[in-house]
Amino acid sequence: MSAMTLSPAWRVTAHVALLMVCFAIIGPMLLVVGTSLKPDNEIFSPLPFPVSPTLDNYAAILGDAAFRTYLWNSTGTTLLRVAGQLVLCVLAAYAFARFRFPGHNALFFLVLGAMMIPPQLTMIPNYILIADLGWFDTWTGIIVPNLAMPFGTFLLRQHMLAFPRELFDAAEVDGAGPWRQLWLVLIPNLRPALGALAIVLFIEAWNEYFWPLLISETDRSATLQIGLRGFLNEETGDEFGKLMAGVTLASLPALAIFFAFQRQVMQTFVSSGLKG
Amino acid sequence: MVPVTAAEAPRTRPRLWARLAAVREETALPLLFLSPTILLLGVFVYWPLLYTVYLSFVDWNFVADSKDFVGFENYSGILGSTLFNDAARNTLLYVVGSIPLKVLLPIPIAIGIWGLSQRMGDIYKTIIFLPTLISFVVVAIAFSWLLNPFMGIIGEMLRLVGLRMPAVFSDADLALWGILGISTWKIIGFNTLLYLAGLATINRDYVEAMRVDGASDGSIFRHLIWPMLTPTTFFVAIATVIFSLQQVFTPIDVLTQGGPSNSTTNLFYMVYQYAFVTFNVGFGSAGTVMLFALMIIVTLLKVKAFERWVHYQ
Amino acid sequence: MKFFPLAGAALVGLGLSASGAVAQDIDLRFIHYQSGNQAALRAILDEFEAANPGITVTDLPTQGAQTVVSEIQAAAAADRPFDVGQVLARTALGVIEIANAQPFSACADGGAFMDNIAENLVDVANISDERYMMPHSFGTPLLYINMDLIREAGLPDDFAPTTMTEVIEAGRAIRDEAGRPGLYWITGGLDYGHQAFIRANGSPYLLDGRAAFATPEGIEVMQMWTDLADEGVTPKIPDRDAVNAFQAGRLGMNITSSAVLRPNMRASEGRFELKVLPFPAFEGKPVEVPNSGSGLMVLSQDAERTEAACKLMAFLSQPEITNRWSRESGYMPVSKDPLADEATAAYVEENPFYAAVIDQMANTVPTVLWPGDRVVEAQTVMANLLQDLWAGEGDAAQLVPIAQEEVNKILEEATR
C-alpha cells in the first residue's frame with residue numbers, strides 16, 4: 001500500500017522542498033567528484049565539471065606510497081577490529097540474554113553506562129596506558145581498546161531476547177550445551193542482525209578519527225582519516241585535485257556497502273541513535 | 001534443622017557436585033563470556049575515569065617524574081582562563097544553533113517524505129541519509145576546498161555574479177557558524193530517519209478519516225502528527241545536544257584547531273587542547289571532570305527521553 | 001611516572017630480555033617531518049647504511065613539525081626514546097629537557113662534525129657552551145611575487161622591491177587595481193612570523209628567556225599587520241590558505257618559507273609569472289632574518305646507540321650531503337660555502353631563484369630559544385594575539401603588552 005497522506009497542494013510543496021534539500025546534500029558531493037576529475041589547468045575554473053575529464057588525480061593519489069600505506073592500515077585495522085567486536089558482542093549479549101547470574105543487573109548497567117562515555121573523557125589516562133603498554137603507533141593500540149562494544153552488545157541482546165525460548169529447550173533436550181546452542185541455534189538465526197551490525201561497525205571504524213589521532217604516530221599505523229588530514233600541507237601547498245580524489249576514494253567503501261545492503265543499515269543506524 | 005544421618009551423608013556429595021556444576025554453568029559460563037568485554041571496559045573506560053579525577057588534582061606534563069598535589073588549583077585555573085570562557089560560550093552557541101537546524105528542520109523534511117509515495121520517499125530518504133556514511137574528516141576537507149575564499153569552486157561561481165566569498169573558516173565571526181553548517185549537513189539525514197521512525201507509528205487511516213471529516217491540513221498536523229512526534233523531538237533534541245558537544249571535535253580539529261581567536265573551540269576540544277597541545281595534564285583532567293558532570297546530566301535527560309520515545313512507539 | 005605497575009613490570013621484563021641478547025645491528029629510529037621529501041632523504045640514509053655496516057636507520061615520517069615535538073614527548077613518556085630527531089629549532093630547549101637530548105661533546109669526535117656547518121648557524125641551540133643541534137632543514141622567508149598581478153596593478157616589469165614600504169605600496173596597488181589581496185606574510189603556524197617581523201623592525205623578541213617584544217617597534221609591526229588586514233591588503237587566513245591562494249594566482253605577494261620555492265615554481269607554470277626576491281628590509285634597518293625550520297638532535301639514551309647516532313650526524317653534516325639536501329628539498333644550505341660546490345653552482349645557473357636563498361644565508365641569525373617545557377603554550381598566546389588583533393578586539397598598543405605579560409607568566413611558571 002502506498003498511501004498518499006498529503007493533500008495534493010502539499011504534495012507539490014513537499015516535492016519542491018525535498019528536491020532543494022537533496023540538491024543541498026548531493027551538490028557538494030558532485031562538486032568534489034567533479035574537481036577530482038579535472039586536469040591540473042582546470043582546477044581553479046568556476047565550472048562544476050571538467051571540460052576534459054581525466055583520471056590523473058586518481059593515478060597520482062594511488063601512486064602515492066603514503067596513501068597506499070594509509071589504505072592498508074585502514075583496511076587491516078578496520079577488519080580486525082570489526083571481527084573482534086562481533087565476537088565479543090555475541091559472547092556478552094549471550095551471557096546477558098540467556099543466563100541469570102549474580103551481578104547480572106550490575107554488570108549490564110556497567111556495560112550500558114560505558115556507552116554514554118565519549119572517548120574524550122578517558123583520553124588522558126588511556127594515552128599514558130597505551131604508552132606504558134608499548135602500543136603506541138601500532139595496530140594493536142588502535143584496535144584493542146575499541147573491541148568492547150556496548151551498543152552492539154545491547155542490540156544483539158535485544159535480538160536474542162526476542163528469540164523463541166522453545167528452540168533452546170529443544171536443543172537442550174537433544175543434549176546440546178550452552179556453547180553448542182549458541183553456535184548451532186542462535187548464530188545461524190541471527191545472521192541478518194549480525195550482518196547489519198557488522199556493517200554499522202565497519203563504517204564507524206573506517207571513519208574513526210579521534211582515537212587514531214591520539215595513538216598513531218607515523219605511517220606505521222596512520223589510517224586514511226589521519227593520513228588525509230596530513231595531506232593538508234601547512235608548508236608547501238595542497239594539490240587539490242589529488243586531495244579530492246583521495247577523499248572520494250576514502251568514502252567509497254562505506255557508500256558501496258550501504259548501497260549493497262541499504263535497508264538493514266538504515267534500521268541499525270536508527271537503533272544506534274541511542275548511544276552517546 | 002534435620003540432623004544429617006550417616007546413611008544420608010554419602011548422597012550429599014553428588015548432589016553438591018551437581019549443584020556446583022549447575023552453578024558453574026549458570027554463573028561461571030556467562031562470566032567467562034562477559035570477561036573480555038568487562039575487562040576491556042574496566043581498563044579503557046572506567047579506570048581512566050577514576051584516574052582522571054586523581055590527575056585533576058596534580059601538576060604534571062606527562063613526562064616529569066613528580067606529580068605535585070595542587071588541590072583545586074587546576075579547577076580554579078581553568079575557570080579563570082579565557083580559553084574556558086570562550087569554550088563555554090561557544091558550546092552554548094553550538095547547542096542553541098543546533099536546535100533550529102538539526103532538531104526542527106528535519107521535522108518538515110520527515111513529514112514530507114512520510115506523506116509522499118513510498119517509492120519517491122525512499123529516494124529522498126536515501127539521498128538525505130548519505131552524509132551519515134561519510135567521515136567527518138572527509139566532509140571537513142571537502143568543505144574547506146568548496147568554501148575556500150580565493151579559489152574554491154563556490155567562491156569562483158559567486159565571483160562570476162559579482163559576489164565575494166567570505167573567508168568562512170578564518171573569520172572569527174563566521175567560523176563557528178561554518179562548522180555548525182557542515183555538521184548540520186552531516187547529521188540532518190540521520191535525524192530525519194529518527195523522525196520517520198516516530199511517524200511510522202501513525203496509522204494513516206486516521207489521516208484519511210480526519211480528512212473525510214473535513215479536517216484541514218493544519219488541524220491534522222496539530223491534533224494527530226505533532227502529538228505523536230513530541231517524544232521523538234525531545235529525544236532528537238537531547239541526542240543532538242550530545243552530538244553537538246562531542247562530534248564537532250573532528251571538524252574543529254581539521255578546519256580551525258579551535259581558532260581564530262578561540263572562536264570555534266568547545267569544551268571537548270578545550271580539554272584536548274590543554275592535554276595534548278600544551279601538555280598541561282592537570283588542566284586537561286580538571287576540565288574532563290567538569291565535562292563528565294555535565295555529560296551525566298545530559299545523559300540522564302537522554303535516558304528519560306528515550307524511555308518516553310520507546311513508550312510511544 | 002608509571003601508574004600501571006603490571007605494564008611497567010612487563011616493560012622492564014622486555015628491556016631485560018633485550019639487553020640479554022647478543023650484540024647485533026643497531027637500528028636507529030629517526031623521527032622527522034619530511035614526508036614531502038622522503039624519497040630524497042631516504043636515498044641519503046641508504047648511502048649512510050652502505051658506508052656503515054652494522055647500523056641501519058628506520059626513518060619515521062610524521063604529519064608535521066609540531067607533531068614531532070609531541071611524539072618525542074610521548075616517546076619520552078613511554079620510555080622508548082628515538083635516536084635522532086628533526087626538531088624545530090625554537091623548541092630545542094624544551095626537547096633537551098623533556099627527552100634528555102645528548103650534547104655533541106658526548107660523541108667520540110667531540111662534535112667536530114659541526115665544523116662542516118656555516119659559522120653563523122652553528123650556535124642554534126646551546127646550553128652552557130654545549131651544542132645540541134645540527135642545522136639541517138632550515139627555511140628562510142623569501143618574497144614571492146606574482147608578476148601578472150604586479151603588471152595589472154600598473155607597476156613596472158622590473159619591479160624588485162628591497163624594502164617593506166615598497167612591498168606594502170605594491171600590495172595596496174594590487175588590491176585597488178587587480179581586485180585581489182596584495183600581500184600576505186607568514187605566521188609560521190604559531191609565532192615564527194611574529195618573531196621575524198618584530199626583530200626585522202629592530203625590536204628584541206625574547207631577552208634572557210623572557211618576552212621583550214612590547215617595544216614601540218614591536219607594537220608598530222603588529223599594528224601594521226593589523227592595519228594591512230583591515231584595509232583588505234592582507235587576507236585574514238592561515239598560512240596554508242595563503243600558499244594555496246598564491247599558487248592559484250589569487251594573491252599578489254607572499255612572504256613565506258624557502259621550502260615553498262619548488263612547489264611555487266611548479267604551480268606557477270602556465271598560470272602566472274613568478275619572481276622570487278630576498279626578505280625585504282624595514283626602512284633603514286639591517287636585514288636580519290631568523291631561521292625557521294629544524295635541526296637534528298641526538299636523543300639516544302645509551303652510549304652505544306649515541307655513538308651510532310653521532311656517526312649518522314657526521315655523515316649528514318658533510319657539505320656535499322647538506323648541499324644536495326638543500327637542492328633537493330628547497331631548504332637553505334647550511335654548509336660553509338655552498339657555491340664552492342660545483343653541483344650547487346650549476347644548480348643556481350639553472351634556477352636563478354635559488355640564488356635568493358643562498359644570498360640570504362649571510363643575513364640569517366639563530367631563531368630565539370624558548371625556555372622551559374611550556375613552549376607551545378607560550379607560542380599559542382602569540383598566535384592568539386594576532387587573531388585577536390584581526391578580530392578587532394583591541395589595538396596593538398593595548399594587546400601586545402598584555403600578551404607579553406601572559407607569555408612571561410607562562411615562562412616563569414615553566415622555568416620555576
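C:Asp208 is found in the loop between β9 (206-207) and β10 (210-211) of chain C; helices (H or I, at least four residues) and strands (E, at least two) are DSSP runs, numbered from the N terminus. The model is predicted, so local features need pLDDT of at least 70 and side-chain atom pairs count only at pLDDT 80 or more, while totals for chains, interfaces and linings use all residues. Residues are numbered from 1 along each chain as its sequence is written, and chains are lettered from A and ligands numbered from 1 in the order in which they are written.

The phi angle of C:Asp208 is positive, about 50°, although this residue is not a glycine. With 7 other C-beta atoms within 10 Å, C:Asp208 is exposed (12 or fewer such neighbours count as exposed, 20 or more as buried and values in between as partly exposed, with C-beta atoms placed from the backbone). A positive phi, about 60°, is also found at B:Ser261, again not a glycine. B:Ser261 occupies the loop between α11 (249-256) and α12 (267-277) of chain B. This residue counts as buried because it has 24 C-beta neighbours inside 10 Å.

Helix α12 of chain B contains B:Val277. Having 18 other C-beta atoms within 10 Å, B:Val277 is partly exposed. Its C-alpha atom is separated by 9.9 Å from that of B:Gln257, a residue 20 positions away along the chain.

α12 (residues 319-329) and α13 (residues 342-350) of chain C pack at an angle of about 20°, with their axes 9 Å apart; axes are lines fitted to C-alpha atoms, for helices over the stretch in contact, and angles run from 0 to 180 degrees between N-to-C directions. The two helices are therefore roughly parallel to each other (under 35 degrees is roughly parallel, over 145 roughly antiparallel, 65 to 115 roughly perpendicular and the rest oblique). Their crossing is left-handed, the term for a near helix turned anticlockwise from the far one by less than a right angle, clockwise being right-handed. C:Asn323, C:Arg324 and C:Arg327 of α12(C) make the contact with C:Ala343, C:Thr344 and C:Tyr347 of α13(C), contact meaning C-beta atoms, placed from the backbone, within 7 Å. By class, this contact has two nonpolar, two polar and two charged residues; Ala, Val, Leu, Ile, Met, Phe, Trp, Tyr, Cys and Pro count as nonpolar, Asp, Glu, Lys and Arg as charged, and the others, Gly among them, as polar.

α10(A) passes α13(A) in a left-handed crossing. On the α10(A) side, A:Ile199, A:Phe202, A:Ile203, A:Trp206 and A:Asn207 meet A:Pro253, A:Ala254 and A:Ile257 of α13(A). This contact has seven nonpolar, one polar and no charged residues.

For α12(A) and α13(A) the packing angle is about 170° and the axes are 11 Å apart, so this pair too is roughly antiparallel. Here also the crossing is left-handed. A:Leu224, A:Leu228 and A:Phe231 of α12(A) meet A:Leu243, A:Gly246, A:Val247 and A:Ala250 of α13(A), and the residues involved divide into six nonpolar, one polar and no charged.

Between chains A and B, the contact takes 74 residues from chain A and 79 residues from chain B. Among the chain A helices that each supply at least two residues to this side are α1 (8-36), α10 (191-207), α12 (224-231) and α13 (240-260). α1(A) gives the most, with 13 residues. By class, the chain A side has 57 nonpolar, 14 polar and three charged residues.

A:Ala92 touches residues of both chains: A:Val111, A:Thr153, B:Phe33, B:Leu34 and B:Thr37, leaving aside residues up to four places away in sequence. A:Ala92 is also among the residues with the most contacts inside the largest nonpolar core, which has 300 residues; such a core is a set of buried Ala, Val, Leu, Ile, Met, Phe, Trp, Tyr and Cys residues joined through C-beta atoms within 7 Å. Others in that group include B:Ile141, C:Ile72 and C:Met133.

Methods: Two residues are in contact if their C-beta atoms, placed from the backbone, lie within 7 Å.
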